[in-house]
Amino acid sequence: MNLSHRLPSRLKTMTKLHVSSLDANRSSVSAVASFVMPPCSRPLRRAVTFILAISISIFVLYRSLDSLDAVPRSSSSIFSRIFPSFDSFQSLELEEPKLEDVLRRAATRDNTVILTTLNEAWAAPGSVIDLFFESFRIGEGTGMLLNHLVIIALDAKAYSRCRELHKHCFSLETEGVDFSGKEAYFMTRSYLKMMWRRIDFLRSVLELGYNFVFTDADVMWFRNPFTRFYRYADFQIACDHYLGRSNDLENRPNGGFSFVRSNNRTILFYKYWYASRIRYSGYHDQDVLNFIKREPFVFRIGLRIRFLNTAYFGGLCEPSKDMNLVRTMHANCCFGMDSKLHDLRIMLQDWRDFMALPLHLKQESGFSWKVPQNCSLDSLRRYDESMYDEESEPPGESQE
């Protein structure tokens, strides 16, 4: 059998069939157009005929694709064939951003970010996070700093709320701990895991090359704090009690507010701090910092530590005395969500009242905070070993 003679004839037959089918499609389009269109101008008829022809062609294409059963079809897969980047676009929408990407978008020119952590209890509407944002809005020159704030969400609901409020969010999970649905009560196992997870996370930020200001969400930002940081310090931290000299190791630090520069010294220090949790089992990060700040290792690596003056970086433990100087105020020395929220709202109102004063009255030293009220040093107490059993927790003891 001579295939060379049969093939051209077969091609001619298929060509004729194809042409005849096209003629049939044209005639069907014309018939439909003449049926559905009333008498009108020639350009309008041509436009409608063209649209119907395109519609029929798409329908024929869809049927022909649907008839191929080699690969299951879906509406999204059809878009993927026509637009190859469609699937990759979908995956980008669903994928949570990586830490380095979030930090890069939020960082200042010198690679500095502001970090805070958030769980469900503090993320609820009307809770701590809303007051935190409000302080930035009413503070002097603090609103723009929100562009550099990254919120580290410790559970799914906190992450969802963060996405509603802010553009720089990162989801951080802690294995074996669920921070959603309740407060992380002070000195419980969940609280300690959360605090130590925070230290380890901050070490990873330093290793990525970013300086950071870490702030608890119950720290109110009233002025830009960067102008009061020490230029040559590696690690500087706020205090519950400040003794008058920034390099005095007897100062009582508070881990709720710190400024740390990324270098080999701080990375080694955070690794050492995190590893020291094993030697000092049952203590939280702030206590362990007090233990290790005098140890030979810290001097050997040359870490330059400075303690921040409570005149600028105050708190309920030791409030700033001059509101012309204050940068931040922390709701420390306070347990219980209701007490914390009560005093934070008063603190914000105190600031509004102060800012409403004429300049000459602001410069007088008579205006002072009306807090603490529900929060006070009297509310502090030591926890015995039974307090580490979460099932025996009394309600109302909240994260410091």
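## The largest nonpolar core

In this predicted model, the largest nonpolar core holds 50 residues, of which F132, M220, W221, F222, F257, M347 and W369 touch the most other members. Such a core is a set of buried Ala, Val, Leu, Ile, Met, Phe, Trp, Tyr and Cys residues joined through side-chain atoms within 4.5 Å; buried means under 20% relative accessible area with a 1.4 Å probe, protein chains only. Among the elements that each supply at least two residues are β1 (112-118), α7 (128-138), β7 (252-260) and α13 (337-355). The biggest share comes from α13, with eight residues. (Helices are DSSP runs of H or I, at least four residues, and strands are runs of E, at least two, numbered from the N terminus.)

Leaving aside residues up to four places away in sequence, M220 touches L131, F132, S135, R327, T328, M329, L344, M347 and L348, where a contact means heavy atoms within 4.5 Å.

## A buried serine

Now to S127, in the loop between α6 and α7. S127 is buried, because its relative accessible area is 5%. Its side chain reaches the backbone oxygen of A121 at 3.1 Å. Beyond four places in sequence, S127 touches A121, W122, M337 and L341.

The mean pLDDT, the predictor's confidence in each residue from 0 to 100, is 80 for the protein, and 68% of residues reach 70 or more. Over residues 381-400 the pLDDT stays under 50. Where pLDDT is low, the predicted coordinates should not be read in detail.

Residues are numbered from 1 along each chain as its sequence is written, and side-chain values use heavy atoms, without hydrogens or water. Local features need pLDDT of at least 70 and side-chain atom pairs 80 or more, while totals for chains, interfaces and linings use all residues.

Conventions. A polar contact is a pair of N or O atoms within 3.5 Å; within protein, one must be able to donate a hydrogen and the other to accept it, and residues adjacent in sequence count only if both atoms are side-chain atoms.
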